[in-house]
Amino acid sequence: MNRAAVIARLAWRESRASRRRLVLFASAISVGVAALVAIASFTTNLETSVRQQARELLGGDLVLGGNRPFTPPVAALIDSIQRSGHRVAREVRFSSMAFVRRTEGIRLVDVRAVNAEFPLYGQVVTAPAGQWRRLAAERIAVVDTALLVALGARIGDTLELGSKSFLIAGVASEMPGRIASFEGFGAQVFIPFREVGGTGLISFGSRVHHTALVAMPDQRMARRIVYAHRPLFEKEKVRTETVGDFQSDVTDALRNLSSFLQFVGLIALLLGGIGVASGVGAFVAGKLETIAVLRCLGATRPLVFAIYLVQAAALGLVGSGIGVALGVGVQGALPRILKGVLPVDVRVTLAPGAILQGLGIGLAVALLFALRPLLEVRLVSPLQALRRAYETEDPGPRPRDPWRLVAFGALAIGVFLIAMGRAEEPRVGVGFAVAIALSVGTLTLAARLAVWVSRRISRLGGIAARWPYVLRQGLANLHRPRNQTRTVVTALGFGVTVLATLYLVQGNLLKQVSLATLNAGGRANVVFVDVQSDQAAGVEGLIRTAGLPVIQRVPIVPMRVATLRGKTAEQIGEIPQPQRPAPWTMRREYRSTYRDTATTSEKLVQGAWWGPRVTGPPWPVSLSTEVAQDLKADIGDSIVWNVQGQMIETRVAAIREVDWARFEPNFFAVFPTAALQRAPHSIVVLTRADDAGTRARLQRAVAERFSNVTSFDVALLQRTVERVFSRVALAIRFMAVLSLATGTLVLLGAVAAGRLQRIREGALLKTLGATRRQLTRILLAEYLALGLLAGVVGIGLAIGGGWAMTHFVFKLDFTVPLLPLAAVLVVTAALVALVGMAASREVFRRTAVEVLRDV
Amino acid sequence: MLTVQKLTKVYQSGGRPLTVLKEVSLDVEPGGFLAVVGPSGCGKTTLLGLLAGLDVPTSGTVRLAGEDIGGLTEDARARLRGEKVGFVFQTFQLIPTLTAQENVQVPLELRGRSDDDPAERARELLERVGLQGREHHYPAQLSGGEQQRVAVARAFANRPVILFADEPTGNLDHVTGARVVALLEELNRESGTTLVLVTHDPALAERARRTIRLLDGAVVDDTGATA
């Protein structure tokens, strides 16, 4: 008979009585596999959809854009493209205050002035229908529904933008292109392209984006144009994007997100692996006699090992299979859940690659984790079948099994390889593997410590001996043979770690933008930008008339870097890496300010501020740490700035660390007052009003008198940020809950594994006179101790991990919210106690005689 | 069939050496029926384990069916057991997850190659021990006597040359135990299998053709010893 067939048949028959239990162990990995499959296949579908809809999303095959009107050579190029038969859509986009006189509603909006060709691809659906076409000939506006709600306006009202008024003709219910909520904030208002000139909205210092969108029959043509005119585009600071660039950008972004989410899925899977290990361990422990008999009957060690390995593999496959089915189901539901967040309509199809990968990884994890407990079957002596007496005989110290080391090595390498396979960058994979190893190591150590402490307590006289019996007995359960302390603490503690870390990081990030923080200490909460020099007195007058303080007045001077250490951008481009400054630092428009002291959100890290009698040129200049780093600039380096055509020579005198998280005007470059005060500039004015009505009235008053001045209500901005954040947080929380769900499944498996032993002990205790109440308390003491331990260690790890992420990745202050963490601890302990008690029902249900007769 | 010379077994117990068997020597001829008797803890089971190659002696040799099992690896001993040895245990030791028939098939399937069809041979043996119609019952669905009869059938499945039985009637009532022993004797006669029985039941020992008595790990009496 074929050997493989014998193994398969014996494995199948032998698993008969325990299949239900095996499926429970297997389900531990299902959640993780489900997460992986759902994420991977959803990403695949999303990528496909993005590829198919890329033209609509980008708005054209080639997009040319810049922060100033196209210069004559660029305009000529666009004209020539248009003359050669390609459709060209134009857009000018900027922020402005929109005002509806009837309702006195005012809001900062995102104005998009578009020509008749816009959009090149896709359809705009308006309500009432057919309003979009009117943009070509009439002075109307098509707006977001949200704007009507915010302004209390309705279709037919007049919308004032600057000095012009537009009839609100309809709302855009469908708009091809990227989703609005992630594109800055504020609702969108579409107006005719030709009307933008007369609004008076575009003044010195305004942030305006000019775009030309070109339709082309194929991508190569777009790429050729970009390639052929690259010097022109670079010289004229025109940004280009082809459909191909866009696709790969979006795909990269999606992959990064997917890779992050898959790591969370992987954590759930690894947790499941711990469950498999504990389940297999308990399963093997229950099979010792059977194994001994098989050995008596002539089964060799490799054969016995193979029989149980096949069972473990089958368990892995079943668990992965359930996971794949779940994952496919979840994936089908995702587009509905994420509707409105995703930039594209996603068509859900089965992704065979993701499914196979899920099965493979699930199987691999199950086998890797099962390996070590399975090795025990090789060590079962056939003598154990003869008499139990042999079990009690002291076999002396057990010989070291080199295969245990091999199994451990295989597990470590396997987890590392799986992590590397999920990571977009090797660094991330290594970091992940190290973080896992540290967490599991700490949890294992803590569990061992707990076992040791519990043993000490049982042997201790004195105070511990006077503890109630049920407490002592419950705690002693933590260290008795075949205890589940390590499994439960490791698996559940890990789940708590993931959940609490995510919670802490998110909480600390949100705190930076929270209303309480923003409103604290009389900080500004209304910001007026693009105030021209001659308007400053007027704006401040309005603020004071409203009885409010002018908290800050900050001049803004737009400029670019002309030369760095005597080199132009082109010459800088030739410097070899890694000495070459980052390209963005030479390209971007800097909105700098001048003043002679640091603000509260800045900290000097290098150099010194200039004194009151500063002279130039060269003038001293202070850079933020980010810019200094990317420019590769040090104290004393020379930088020449192009300020509206005038060259200003400077030397780096100070480098500042800036807390960008505060909603305050902060700058990459700060100049001495004497250097810039005569340069053309706009002004930002900050004030504070506690009452929302006062804020709105002030904004309205300023908008009426100075149409080009834009204002922000920080509280509104705050709400927008929080809304965006909460959507992202939802996904992260979902994944964290997955981890906890797996931890609970592992806990269930662990409790089920020790079930028989519990029932017997319970029966024995009953025989010896223990009441139900006492039994309940013993179990409760044990499970509460386990839950508290898992919770405390998990939260401790989370505080460490959260601090590291907040401090090193986000570079923010870290605080520990004690109350919510205490709640996590209580919930963890309660969960363990609940699951433990529920799984121990049989201990109470079965009578002592019934159990003891079975033994 | 079985030759044992100066067999000694020392265990470590609580860090101290404990001699369980002291220089035991004996011979069993093919087709013989040997009973090993003695009080609890005298080393009977240890001796059985060593004779069957389940364990290795501290010193001395065991030759089983012509092979010195001291020189075999653990897995080679397992294969030898699979081909030449049958077992009956006091606690039956049926695999609880297999049916009666599947339990009997195990030794044949483990051996891999066989002239017999395992299922056919198992049914035959179960019929022989009087369990026809019970083939598909699980051990838990059988009485103690029935379980031990399945164990006997299993012990004969691979046509062993020698069969070891460890207190085969220890967990059975008197009448059932007698039936199982009768069955063992019959099969022993029919197939010429050598039978080695460990027991502390004097009535059972009397049925053996030869009895050795162990006390504190040493042979104190051997009815078959040649002077």
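**The open sheet of chain B and its neighbours**

Tutor: In this predicted model, chain B contains an open sheet of 6 strands, arranged in the order 6-7-8-3-9-10 and with mixed pairing. The edges are formed by strand 6 (85-88) and strand 10 (218-222) of chain B; each has a single partner strand, so one side of each is left without a neighbour in the sheet. From one strand to the next, the twist averages 20°.

Within this order, one pairing may be examined in detail. Strand 7 (residues 162-166) and strand 8 (residues 194-198) of chain B are joined over 5 bridges in the parallel sense. One of the residues involved is D166(B), whose bridge partner in strand 8 of chain B is V198(B).

Helix 5 of chain B packs on the sheet, where it touches strand 6 and strand 7 of chain B. The direction of helix 5 makes about 170° with that of strand 6 of chain B.

Helix 5 (residues 144-156) also meets helix 6 (residues 174-191) of chain B: their axes come within 10 Å and cross at roughly 15°. Angles under 35 degrees count as roughly parallel, and helix 5 and helix 6 of chain B are therefore roughly parallel to each other. Their crossing is right-handed. On the side of helix 5 of chain B, the contact is made by G144(B), G145(B), Q148(B), R149(B), V152(B) and F156(B). Helix 6 of chain B contributes T176(B), R179(B), V180(B), L183(B), L184(B), L187(B) and S191(B). By class, the residues of this contact between helix 5 and helix 6 of chain B comprise 6 nonpolar, 5 polar and 2 charged.

The sheet and these helices belong to a chain whose secondary structure comes to 7 helices and 10 strands. Of the 227 residues of chain B, 49% count as buried. Among the contacts in chain B with a separation of 6 or more, 69% are between residues 24 or more positions apart.

Chain B also has a partner: 31 of its residues are in contact with 28 residues of chain A. On the side of chain B that touches chain A, strand 1 (2-13), helix 1 (44-51), helix 2 (74-84) and helix 3 (100-111) of chain B each supply at least two residues. Helix 2 of chain B provides the largest share of that side, 7 residues. The side of chain B that touches chain A has 12 nonpolar, 9 polar and 10 charged residues.

Methods
Residues are numbered from 1 along each chain as its sequence is written. Chains are lettered from A and ligands numbered from 1 in the order in which they are written. This is a predicted model: local features need pLDDT of at least 70, side-chain atom pairs count only at pLDDT 80 or more; totals for chains, interfaces and linings use all residues. Two residues are in contact if their C-beta atoms, placed from the backbone, lie within 7 Å. Helices (H or I, at least four residues) and strands (E, at least two) are DSSP runs, numbered from the N terminus. Ala, Val, Leu, Ile, Met, Phe, Trp, Tyr, Cys and Pro count as nonpolar, Asp, Glu, Lys and Arg as charged, and the others, Gly among them, as polar. A residue is buried if 20 or more other C-beta atoms lie within 10 Å of its own, exposed if 12 or fewer, and partly exposed in between; C-beta atoms are placed from the backbone. Axes are lines fitted to C-alpha atoms, for helices over the stretch in contact, and angles run from 0 to 180 degrees between N-to-C directions. Angles under 35 degrees count as roughly parallel, over 145 as roughly antiparallel, 65 to 115 as roughly perpendicular and the rest as oblique. A crossing is left-handed if the near helix is turned anticlockwise from the far one by less than a right angle, and right-handed if clockwise. Two strands pair if DSSP finds at least two bridges between them.
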